Amino acid sequence: MARTQDRLPQNSLDRYPRRRSFALPASTGRVLLVGTLLVLIAAYIATYYWAEGLWFAELNFSDEFWLRSRTQLSLGCGVTLASLGFAFYNLNLESRFQINQNCLLPNQTNLRVGLGLKGLLPALLGIGLMLSAGLLYHGYLALNEVNSVRRAIPTPFGIDFELDWALVQRLAQQPVGLAFVVVGAIALVAFPQVLIRISAFVTSLCFGTIAAEEWARVLSSLDPTPFGQSDPVFGRELSFYVFKLPLWELVNFWLSGLLLFVMLAVALLYVLAGDTFSQGRFAGFSAPQQRHLYAIAAGLLLTNSLSHWLKHFKLLYSRQGVAYGASFTDIYVDWPVDASLSLISLGLALFLIWRTLTWSGVGSFVKTSVHRGWWSRVLAAHPVLFAIALYLVFALLGNTMVPWLVQRIVVQPNELLTETPYIERSIAFTRAAFGLSDIQTKAFNPQGNLSLAVLKQNSSTVSNIRLWDTRPLLEANRQLQQIRLYYNFPDADIDRYSLIGDRGETERRQVLISARELDYTQVPDQAQTWVNEHLIYTHGYGFTMSPVNTAGPSGLPEYFIKDIAHTPSSASIARSIPIGKPRIYFGELTNTYVMANSRSPELDYPSGSENAYNRYDGQGGIRVGPLWKRLLFAKHLGDWKMLLSDDLTPDTRLMFRRNIKQRVRRIAPFLRFDGDPYLVVASADGKYSPPGKESGENYLYWMVDAYTTSDRYPYADPSENAFNYIRNSVKVVVDAYNGSVHFYIADEKDPVIRTWAQVFPHMFEPLSAMPPALHSHIRYPPDFSLVQTNQLLTYHMTDPQVFYNREDQWRAPNEIYANKPQVVKPYYLIMELPGETEGEFVLLRPFTPAQRNNLVAWIAARSDGDQYGRQLLYEFPKQELVFGPEQIEARINQEPDISQRISLWNTQGSRANQGNLLVIPIEQSLLYVEPLYLEAVQNRLPILARVIVAYKNRIAMAKTLDQGLQAIFSNTDNGSEAIIKDLGDAQGNTDSVEDLLLPNASN
């Protein structure tokens, strides 16, 4: 037996000291976890803005960046916190009001009162579906804002019935989104307390994100520049629509979305409070709950009133009538309906506010006599239902049935008479919005008096006729000038350069210039190391320059400047084109970040069996010598290897965002940029040199055209565009070596760019400040001209009746390019405009009638000197037939000898491609020129095989342009073996217009 004294007493453990426990309370642990998370988020945001601030400072745009950042942070944080505070305040009120107050009756003896289970479940599911769909909608908008996908102002969810129906249709077509909405609705009903609060946080964050990304609309609305014109309907200055109206729509979107979410969330929690499911019946809302819901509903109705008030301004963008903008029905039906709905919503809101403040609601539902009818009991309990029903009926009839009846009974029988004032407005405002009203119209009567003597007098035009297009030249460059696999020619651009002769005379030549950039993706996989990507393969090298009108003896393009050595083709080229050391650190293919001037030598260019190396000596990039900078940018770029590299020195410069398109968009996201930057070789005379350092041998610059746009210009038809107002207001110059960026205002009359110049006073420079050597290379941008000329196809008609009948509709003609039909786009020429004595660099586009193929007009946009930006529209006499590109193409392909020659070349292993058919006005005549390229199918190296020339009733195909012109105008081929054919007179007496249509060319 164990001795009793060996046993410890029951409380003997108390005699020994207990080990101290260092476990923190659960609440303290949660606080530490949340605090740590917040610190990490704050550190992430701070380092992001720090790194971005250094990048903008390096480009001298610090003020612009920090103003934008402060605005974004203020909007994002302010809207998020305000939304979250409002939502949680109402959810906390719901928690106070739901305790034992979810029934109107003092007792539950009358089980016939309230909502049974059969009605309760659909009601709950409906509320859950709306909450879930709203969460999906706002999340979608927020993600698109971050990714810069959407530029239009979002429409309030749940208020615009058209949007709601469109959202339902989209969800029905997207199973993932539909599943999210359904599952989310069920989850919200099952776990309302937790999920609704999470949804409130997510929704608030979405609102904050959208508001932060809309900083440009906010800043531009603070001090807008007036347009000097008012709209003809409401009499408001146009700046209200362009700058103020989008901000009002944004505020309306936020408030309506927030109030609708809170309304649905609180209603769902009230319905589910207590023992609703266990009792199988919801008896009703208590008096405090009703007052709470009335207050939220009053706010929602106020935003609905604001929505209708804004909607009547949107009538100026209506598509209901025969012309864009407010029509007869919009003015006399939709406008009064929207005004009435706005007043009804306002009245309902005021009534609910009064009811919230004064109504006690004690037993109002119970005291209703059971002997009164159900309709009278409903009115006695909820008199506001009558007003809501009136609103819904008025909205349904006023927005659908009444406009439909008025349009068909009143307008359509007298459409031209009733719509004429609105057609005139649409024409005038569309022409003003797209810059068409400044186009000068002239008559062009083709007399057909060309001769060799006349061509000699117009030598500047003839010597610059473009025979090489960008596509065949790029193929030739990639075969002949690429040198190494890692070099690439992403694009070729048309420009003009003045060549200095032996006696100092100058000659303007149209050229194709193409940058030889480094494409790191083409480096062999085995060589794609971190050191190679970021320290060695840092830049491209040089460019090629080719005249557009000549080819070598073998048909290959000739070069003014070619190869890595950049050897000029003549002394004139050496005098005229500055070359230096043309390294390209910033370009169209520079998508990786690099660290220049490190201990590792940078690959310069291949030289024989070895490579030439160089170290960067420019001023671009950010010095990353200090350890803290390396740590900062390692986190910012997500690459921690730069912390471990021993190749970096105190003078090493980090260059990121080197792609010029990304670079300029990051600096000025409120502008719309042209899709085709072009390279300029010029001496800027130290304009862009850093202080204390000359530009040295850097002569390469990128020029980018930028546009100010808006989708809120009244009455202006956007057609197929995402905007209905556009100006080419800015020219951007990017230094290809140092990466500096300069913005020049090219259109000082544009109110939009003047507004942005007020927002960012140090960002823009006048165009006169651009160095003359670069100013001589600005050009009318093709993208801008394409938008304008597409609008001109319809809006050249200024007579309302002609516009209504569409009797003079134009179209852009088709051409055959590489054996496929395509629309003729604007193209550059150096030519002497009718009545001018000197050649100009112009952008030209011809037009044909909508249902015919003969030419009806052509437009020239000028690019030189003081004439820059002016456009001339030359119209042909309507009673004469002037052959269009499709008719000339038909004549070329129907000529047996030419067609047979092309067919022989199209044998196995080779392919004959027809190039651009150029319509070239010379004095009062038209000359048609089309190059013909021959290339192998396997190894694509195009050569200029033939040139086809057409004039009046003659077509010639020769080896060179000179031979073709000689054959056309001297009636002999002079031993050139040219094919010459007479095809009847120019009026089409030999072939009818219908017979000239190509089988595969559409109208």
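**Strands, a helix and some buried residues**

User: Which residue in β22 is the bridge partner of Val 732?
Analyst: Let's start with the strands, which are DSSP runs of E at least two residues long, numbered from the N terminus. β21 (residues 725-735) and β22 (residues 741-745) are antiparallel and share 5 bridges; two strands pair if DSSP finds at least two bridges between them. In β22, Val 732 has as its bridge partner Phe 743.

User: What kind of model are we looking at?
Analyst: Residue numbers start from 1 along each chain as its sequence is written, and side-chain values use heavy atoms, with hydrogens and water left out. Local features need pLDDT of at least 70, side-chain atom pairs count only at pLDDT 80 or more, and totals for chains, interfaces and linings use all residues, since the model is predicted.

User: Which residue in the turn between β21 and β22 has a positive phi?
Analyst: β21 and β22 make a hairpin, and 5 residues sit between the two strands. In that turn, a positive phi of about 80° belongs to Gly 739.

User: How many of the residues of β22 are buried?
Analyst: Check both faces of the strand. Val 741, Phe 743 and Ile 745 are buried on one side, and so are His 742 and Tyr 744 on the other; buried means under 20% relative accessible area, exposed over 50%, and partly exposed in between (1.4 Å probe, protein chains only). The count for β22 is 5 of 5.

User: Which residue in β23 stands opposite Tyr 744?
Analyst: β22 also has a parallel partner, β23 (residues 764-766), joined to it by 3 bridges. In β23, the residue opposite Tyr 744 is Glu 765.

User: What is the bridge partner of Leu 829 in β28?
Analyst: β28 (residues 840-849) is mostly covered, with 10 of its 10 residues buried. β27 (residues 827-831) runs antiparallel to β28, and 5 bridges join the two. For Leu 829, the partner in β28 is Val 842.

User: Is Thr 649 buried or exposed?
Analyst: Thr 649 lies in the loop between α21 (641-644) and β17. Contact means heavy atoms within 4.5 Å, and Thr 649 touches Asn 597, Ser 598, Arg 599 and Gly 625, leaving out residues up to four places away in sequence. With a relative accessible area of 15%, Thr 649 is buried.

User: What is the relative accessible area of Ala 912?
Analyst: Ala 912 sits in β31 (residues 910-914). Residues that Ala 912 touches include Ile 902, Trp 905 and Tyr 933. Ala 912 is buried, and its relative accessible area is 0%.

User: What is the relative accessible area of Arg 946?
Analyst: You'll find Arg 946 in β34 (residues 943-951). Among the residues in contact with Arg 946 are Trp 905, Glu 930 and Met 957. Arg 946 counts as buried, at a relative accessible area of 15%.

User: Where does α8 bend by about 45°?
Analyst: α8 (residues 238-272) has 35 residues and reaches 50 Å from its first C-alpha to its last, close to the 51 Å expected at 1.5 Å a residue; that expected span is 1.5 Å times one less than the number of residues. A bend is the angle between axes fitted to the seven residues ending at a residue and the seven starting there. Pro 246 follows within four residues of the bend, which is at Lys 244.

User: How many of the residues of α8 are buried?
Analyst: A helix here is a DSSP run of H or I with at least four residues. α8 is mostly covered, and its buried count is 28 of 35.

User: What share of the chain's residues counts as buried?
Analyst: Zooming out, the chain has 29 helices and 36 strands. Of its 1003 residues, the buried share is 54%.
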